[in-house]
Amino acid sequence: MGIKQLSIFIANEAGTLADVTRIFREHDIDIRAISVSDTVEYGILRVVVSEPERAVEELAKEGIVSKLSEVLAVDPDDRRGSLNDIFTLLGDNGINIDYIYSFLVREDGAQLFVIKVTDQL
């Protein structure tokens, strides 16, 4: 299924994640999944939140630029090789995976994977 994800460039220094998550907390926006990748000078924070459009607005009010994009959320079978099946299906159809991360759904304990692909959804 397609879901919306925010990508936020943040300084690679103490307190920047707290600044972003404070904004979410103050506006009752729930973080469903989070991933950070870093370089020496900056990080890319990727989050799936309960209200993505409102999150973009609230971040902008604080001077934080974010980008909203569509990603895939997949729920693979809990068996060996299920991720390989998904990756093979995408690859066989010429769809490149840019990055992937996982998160756990609290209500039912399902593990979902967020996949960003090069092609538009």
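Analyst: Partly exposed is used here for a relative accessible area between the two limits, where buried means under 20% and exposed means over 50%. The model is a predicted one.

The position to begin with is Val47, which belongs to strand S3, residues 42-49. Val47 has a relative accessibility of 1% and so counts as buried. When neighbours within four places in sequence are left aside, the residues in contact with Val47 are Gln5, Leu6, Ile8, Phe24, Ala33, Ile34 and Tyr101. The C-alpha atom of Leu68, a residue 21 places away along the chain, is separated from that of Val47 by 9.8 Å.

Val47 is also a member of the largest nonpolar core, a set of 13 residues in which Leu6, Ile8, Val20, Phe24, Val47, Val49 and Leu59 touch the most other members. At least two residues of this core come from each of strand S1 (2-11), helix H1 (16-26), S3 and helix H2 (52-61). Another core, of 10 residues, lies apart from it and includes Val71, Ala73, Tyr101 and Val114. Within the largest core, Leu59 is one of the residues touching the most other members; with neighbours within four places in sequence again left aside, Leu59 is in contact with Leu6, Ile8, Val20, Ile23, Phe24, Ile64 and Ser66.

Tyr101, in contact with Val47, is buried because its relative accessibility is 8%. The structure holds 2 aromatic pairs, and one of them joins Tyr99 and Tyr101 in a stacked arrangement, with 6.5 Å from centre to centre and 15 degrees between the planes. Tyr99 counts as buried too, since its relative accessible area is 18%, under the 20% limit. The charged end of Arg46 sits over the ring of Tyr99, at 3.7 Å from the ring centre.

The salt bridges number 8. In one of them, the side chains of Arg22 and Glu62 meet at 3.9 Å, N to O. This pair links distant parts of the chain, with Arg22 in helix H1 and Glu62 in the loop between H2 and strand S4 (66-74), 40 residues apart. Arg22, with a relative accessible area of 27%, is partly exposed. A further salt bridge brings together the side chains of Arg32 and Asp30 at 3.3 Å, N to O; Arg32 is partly exposed at 47%, and Asp30 is partly exposed at 34%. Through salt bridges that share partners, Arg22, Glu26 and Glu62 are joined into one network.

Terms used:
Residues numbered from 1 in each chain as written. Predicted model: local features only at pLDDT ≥ 70, side-chain atom pairs only at ≥ 80, totals over all residues. Heavy atoms only, no water. Helix = DSSP H or I, 4+ residues; strand = E, 2+ residues; numbered from the N terminus. Buried < 20%, exposed > 50% of the residue type's maximum accessible area, 1.4 Å probe, protein only. Contact = heavy atoms within 4.5 Å. Core = buried A, V, L, I, M, F, W, Y, C linked by side-chain atoms within 4.5 Å. Phe/Tyr/Trp six-rings, centres within 6.5 Å; stacked < 30°, edge-to-face > 60°. Lys NZ or Arg CZ within 6 Å of the ring centre and 35° of its normal. Salt bridge = Lys/Arg side-chain N within 4 Å of Asp/Glu carboxyl O.
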